[in-house]
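Have a look at the picture first, then read on.

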Amino acid sequence: MSSSSRIDTSKVATTNGTTAATASKPGRAGSLASWADERLGLGTAMKKNLRKVFPDHWSFMLGEIALWSFVVLLLTGVFLTLWFNPSMGHVTYEGSYDQLRGIGMSESMASTLHISFDVRGGLLMRQMHHWAAMIFIASMMVHLLRVYFTGAHRKPRELNWVIGCLLLLLGTLEGFTGYSLPDDLLSGTGVRAADGFLKATPVVGTYMSFMLFGGEFPGEAVIPRLYIIHVLLIPGILLALIAAHMLLLVYHKHTQWPGPGRTEQNVVGFPMLPVYAAKAGGFFFMVFGVIAIMGGLLTINPVWKFGPYDPTKVTAGSQPDWYMGWPDGLLRIIPSNWETVLFGYTISWNVMIPILIVPPLMLVLLMLLPFIEGWITGDKREHHLLQRPRNAPTRTAVMVALMTFYGLAWAAGGNDIIAIKLDLSINQITYFMRVAIFLGPVLAFWITRRWCISLQRHDNEKLLHGYETGIITRSPDGQYSERHLPISGTAAYTLTARDRDEVLSVDGGRDAAGVPAPNSRSEKVRAKLSSWMFSHNVQKPTAGELEEAHHHAQHEAELQSGLDQPVDGHQFDDHRQRDADQVPLRDH
Amino acid sequence: MRLLNRTAGRLSRHRRGPLAGLVVLLMGLLLSGSLYAAFSPAQADTQPSETEQVAKGKELFLASCSFCHGKNGEGIPTVREGYQVGPSLVGVGAAAVDFQVGTGRMPMVRPSQQAPRKPVVFSQEEIDALAAYVASLGPGPAIPDESDYSIEGLSEEEREEAISRGGQIFLTNCTACHNFNGAGGAMPRGGYAPDLHDVDGRYIYEALLTGPQQMPNFSNGNLTPEEKRDVIAYLYSIRETPEYAGFSLGGLGPVSEGLYAWIVGIGGLVVAAVWIASHTTRSKKTKVNA
Amino acid sequence: MTNQTPPPDNADDGTPAEYAGSTAATTSSAAIDPHVSTHRAEPIPDPGLPEHTWRPTDVDPRAEKRAERQVAAMFGAAMLCSVLFVVAYFTFDIGDNWDTVAGLGASTVTLGLTLGMALLLIGIGIIHWARKLMSDHELVEMRHPAASPPEDREATVAALNAGLDESGIGRRPLIRNTMIGAVGFLGLPAVVALRDLAPGDVLDIDRLAHTIWEPGMRLVRDVVGTPILASEMEMGDLINAAPEALFPSEENGYPELHGVEEQVEKAKGAIIIVRMNPDDITPAEGREKWTVDGIICYSKICTHVGCPISLYERTTHHVLCPCHQSTFDLADSAKVVFGPAARPLPQLPLAVDEEGYLVAQSDFTEPIGASYWEREKHEQQLQD
């Protein structure tokens, strides 16, 4: 290490130490802090957190998009409540939108039109609120994928994964209750479909429908009820769960990518104050800004064109918002006539399977993923270093299979739009989806796993034989070959900074005294699953293999360069000065 | 009152726009062209008599239509995939011909259930002749007059009422297939209900009257002429209405909105995240007094 | 974040952060907690954190000044955008006479752009500041296991046991069990209290079996409410229609319907009427007399989940639901030919009255709309 990188640590890092910075540094901030500490006793909690270290990587900011869009939702939502009137009372619209003037509608629709056309900025706020909702759920989903693909759901973060899944569920429900509120034709059609879903519930379904709607559909109770769920109940739970999610994040400290000096025992990154606070705070403004620009430029949910809800009207392209699209797609591809009558009672499998059975099952499966994986691997260690998706081929392939299922169901939910935009037949798309929904995930699993394994092989190639330089040499006997050069030390370390996978063996199920474990059958299943999960994986080379390969490479390089002294091959490039994966240096 | 003011206001704003000069030029050319046409001597004896028109129409019909519709418009019995390849034209009326040929749907390239809109093959004069011939085969709806589908003659208040009533009729009878924005929608087996955005009121009226291809009729016993007029008035009014909320994203509803949320929203913010977390340029120099 | 439970106090806690370049913690240390992953740095040993390199803004005062000016310029531009927002707010009219820019609503677009740019510029400015000017030395913080130290855990378990013991909950099963019972029974009031979400008289699910249709009620056009002359319907016509009782007038004598009642009956009574060639119709058994001269009428409410459907193809006589694409063949008793629906659309038996208007022979003979648990029973009742 060069001495120039050693700098005076006393100025910057004291708050992470044992004494609070404020004690030794009176100043305006310091005296304010003392004032607060004498009343609130924040010093102890803050001393560790003000300079808490967060690692820097773009994929760690996906969850932040969700957090900040939630804040935007709260702000714009409060604005909307100032004018919105969640009532199904009947009024005649007399506002500014010409085409609906004189038309009877509910007060909630009329007040939505009022916000849109008679409140300056109201239309912008409505659209920002809606775009923020779409982005909120989308960012939760990409965040979830990042966490799973990199193995950040493993011990000790399983419970935070479960909280995250609940957030996703609640966000979806929040979205549905929200877009139903204007009581326009499109959302009303969705509410009527929801009534159909409730009624398909065995035994209690009809009563549930009557209870929700305060009698027969549509009644006049559902909008006020959805409203209070939308503005109080779910946001309250969301807030509490988000707080828990973030507290656990702080407690566990963020995961990090492996690399030189980055281990399971530390976290390397920037301190909360000032860098991370600035980056996160700045990102909040950027998320807010992007949503504002989208709200200003892109029409979303033009309720004035749908008109007020009327149970006898409908529009082509009646779709739910995107996050409800996949159950809707499943609903579309279920074959005809899946309904049975049992002892005089009607059971609607055609609605129950796609709405009441598969989505809840998928959610439970999602929540259980870390526990299932933990059980199969038997791994009780804590994991703070992330894995590259390729280094967990089976896990990656499982998620890609789930994504394929989701994606196909989602596409099926837009089959009518796909049909007109791509000149296809909805019938053909539906027939295709009925098969693809089963075959697609299997195929995706298989391809992904093979792909990951070949990427692992590629990594080992790089470690053992170096990278491809693109330099073609001709040997004296006329043979052409591409020159491979060793990768840098840090790159090599980063590639090998992972655990070796261990396949569980069946006879492992003995306790300390050598007695076979009582549930040896489940142990057998577990061993099988463990072998399914790991046995195809490519392990990183051993020290012996590496050494041998390097000797070989060195020998080759000597031969090829025609030099008579030992060389490492780097005379052909400038890797002696720098590492390939580092940013280029610039002269100043 | 309000509607008129708004339209007038927008026109006047556009008067000094960059395209205004071009528009004036085009209007001038158009005017001189039509003046020439009106006063040129050839025009004097071109008003064809009805029988002449029918005869000319028959000629055109035999050349371009009879292959599928039969020599006397009686149709051919071939049925393919559940639709009649060349249906009889007896009784479809002049309105059907004006719609089908005037929008380029007929003559078709090949027989099919869906007749897509194409560039128009015949001149309006020829279309009129064809229409006269087909109308002579059997009584059917005539080509509507502009006064049938225009609300020009109504008072301001009546217009407003007509538009909002037309909207409700549109949402009840039309949006199911043509979508709330008139953007069109999918129908079974690859069929589709076409986009209504730039369809002339006359053709909308004729389509309602005659039920082209798979579309059901909305005959005068179904929707009265006034109700048809109101629907057309509504469609014209939403065309003229500004996009209050920004670009309409195709007016296709939540599917396109979802795509934008992912591509623009998530895509843009992920790019931002990559920028935020990326390393900045490094210098070869080291800080001396750090 | 301030109310975070402080992590358990162990040896690692409070270790001062170390700068990059000082000794990185190595994983070969012998005293590793068993709960912590033992990733071994093999076959290549951990080279430790790389040397810190400097940014141009760290070493070049001009670059530093430039970055400072850039950030300030962005903040300045953000202020300008906020002012422009206010200007746009008061400049552009909405309501009756919207101002437009390029055919778009001027108010929405300019407010969105100015607000968005103000926010974006603040965000980009802060991040630029962080990236270029704030210290970019990476810190190292040590982790500690998520679990509390064993002695803490033992103390907690001991405290828990002591508390439980002193309460005597283990020794007095009678108290314990009755208490659990008492709390469990609270579920009853909680559930029962919600009973009146649908108060007594409206929680009558048998209403689902009936609609407002009754013998002799005229079919009227939806929206305008005018009755339909059978002779006026042409081949291929599709009429979206409603029961006359939903359009009460002095003439027809139906009582005025209010709010909820009207909506409920509208939701159940909607119908579509089509006229096709009588030869195309394959009447089901017992329905031979339900049509008038090729005019046939069905419920407009899809039997799948209840969307109104009227996407009618007149040559195939198919009607499609725009929600989930169930397709029904109206010429063949509205049987399902495609899509998820399980049952045909209920058919309304038609007749004409003495004036030639279409009327219903009766109510539907089966419940309309989506299936529900008791549906079959209701259908049996209706057919008896």
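## A sheet in chain C

C:Val274 sits opposite C:Ile296, a residue of strand 8 of chain C. Strands here are DSSP runs of E with at least two residues, helices are runs of H or I with at least four, and both are numbered from the N terminus. Strand 7 (residues 271-275) of chain C is joined to strand 8 of chain C by five bridges, and the two run antiparallel. Two strands count as paired if DSSP finds at least two bridges between them.

## How to read the model

This is a predicted model, where local features need pLDDT of at least 70 and side-chain atom pairs count only at pLDDT 80 or more, while totals for chains, interfaces and linings use all residues. Residues are numbered from 1 along each chain as its sequence is written, and chains are lettered from A and ligands numbered from 1 in the order in which they are written.

## Where chains A and C meet

How many residues does each chain bring to the contact? Chain C gives 107 and chain A gives 123, with two residues in contact if their C-beta atoms, placed from the backbone, lie within 7 Å. On the side of chain C that touches chain A, helix 3 of chain C has the largest share, at 18 residues.

Strands join in too: strand 4 (residues 266-271) of chain A and strand 4 of chain C run antiparallel, linked by four bridges. One pair to look for is A:Val268 with its bridge partner C:Val140.

## Two helices side by side

Helix 11 (residues 272-297) of chain A packs against helix 3 of chain C at an angle of about 165°, with the axes 7 Å apart. Axes are lines fitted to C-alpha atoms, for helices over the stretch in contact, and angles run from 0 to 180 degrees between N-to-C directions. Helix 11 of chain A and helix 3 of chain C are therefore roughly antiparallel, a label for angles over 145 degrees.

## A bent helix

Over in chain A, helix 17 (residues 426-465) bends by about 45° at A:Ala436. That bend is the angle between axes fitted to the seven residues ending there and the seven starting there. Just after helix 17 of chain A comes A:Gly466, with a positive phi of about 85°.

Technical notes
Angles under 35 degrees count as roughly parallel, over 145 as roughly antiparallel, 65 to 115 as roughly perpendicular and the rest as oblique.
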